[in-house]
Amino acid sequence: MNVDIEKAKEHFGKVLEKQMKRVEDMKSSTSWTDYSALDAIKIGICGGDGIGPFISEHAQAILEAMLKEDIDSGRIQIKVIDGLTIENRVRVMKPIPDDVLMELKDCHVILKGPTTTPEKGGPWPNIESANVAMRKELDLFANVRPVKIPELGVDWMFYRENTEGAYAMGSEGVNVTADLAIDFMVATTPGSERIIRLAFDYAAKNGINKVTVVTKANVIKTTDGKFLDIAAEVAKDYPQVKWDGWYIDIMTAKLLDPYRRKDFRVMVLPNLYGDIITDEAAQIQGGVGTAGGANIGMRYSMFEAIHGSAPRMVAEGRAQYADPSSMIKAASMLMNHIGYVEESRRLDMALDICSQFEKRLVMTGRPDGADGASYAAYILETVNSPDLEERWIGYVNKMSA
Ligand code: IPM
Ligand code: MG
């Protein structure tokens, strides 16, 4: 009997049990949080690491300014949650310290700054990413990442599966022997169905006649194959929405194709592909610093920048030049999610004006550009300008002329 193989089999047995339990949990969770029915909505603000606290502070200020009336009345409660720092996480050797997790679970929605993810061979012990842990812990299954570039006719909405795929067991692979390492890839029926359904729902509700399902099902036949099969099933419930399947490699190329890329609208894809392609998409939009995203679950939701904590910027003394747009976009998505649809729309228009159209201030991440505080002030001033809507429409018309 080979002891290494027996140990690996035992480990695999535990992995299976854990995933079977998750399937059961998913099947039994059925109701979404209804924010309109709550007396008070608690928003947790977690600064994170590196540039996180710098850019979160600006997003928080904008949120507080735009929701002032309801904060004053007590309908909105803002709760700052400290402690989700890499130092604290390493101290307790957990991706999220217990007390922080309790505070997070006491909120309805969370605005989260980037957190440092330890990597193999890096300066920190190799604990699981706080992002990945939070997504699993709060079952935030849908990572929704918009990318919009009016100038190029690009209007993309990515629905990235957020709790399965290569990430489900990303910290629980096995080194079977010194020569053999195995990771696990997971796709479940309820897990695939819920994200695909959300993407189709979004398309249907917004009158978008196109969902693209992205996999590598020609090679990763079992899990990606399942994802694609389920998409075909779900699509039958949305006869008004056309859909097609693309492989991730050619999809990555086609996002750079000026003729083809405008055709893509809503994309739904397994975790790792979604991770990679949304960075590419954000770069086309103007850099990862411009992109925010939502992590939606039935009970909780979390809103964040799509990028990391940029420790290099902090080490080089440039943190104050970090672009807060990503976190401000996340704040806008948060407002939209909890029912402040008009506020969110105004903030989106201001973001478009400041970063795509007018560009009175430009962020470069360095002292030759604007700093985050001035840029956030520029955005808020634009939000508050009485002719916001006319200006936005004017720019959009000019663009399409
Ligand atoms: C993201 C990030 C995370 C991910 C990292 C920080 C673990 O890249 O939100 O896209 O891989 O999901
Ligand atoms: Mg990423």
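Mentor: Sorted by class, the shell around ligand 1 holds three nonpolar, three polar and four charged residues, where Ala, Val, Leu, Ile, Met, Phe, Trp, Tyr, Cys and Pro count as nonpolar, Asp, Glu, Lys and Arg as charged, and the others, Gly among them, as polar. This is a predicted model, in which local features need pLDDT of at least 70 and side-chain atom pairs count only at pLDDT 80 or more, while totals for chains, interfaces and linings use all residues. Residues are numbered from 1 along each chain as its sequence is written, ligands are numbered from 1 in the order in which they are written, and side-chain values use heavy atoms, with hydrogens and water left out. The residues surrounding ligand 1 (a heavy atom within 4 Å) are T117, S129, N131, V132, R135, R145, R160, Y167, D275 and I306. Turning to polar contacts (pairs of N or O atoms within 3.5 Å), an oxygen atom of ligand 1 is 2.6 Å from a side-chain N or O atom of Y167, and an oxygen atom of the ligand is 2.8 Å from such an atom of R145. A polar side-chain atom of D275 also lies 2.8 Å from an oxygen atom of ligand 1. Taken alone, ligand 1 exposes 320 Å², of which the protein buries 81%, the areas coming from the Shrake-Rupley method with a 1.4 Å probe.

Methods
A polar contact is a pair of N or O atoms within 3.5 Å; within protein, one must be able to donate a hydrogen and the other to accept it, and residues adjacent in sequence count only if both atoms are side-chain atoms.
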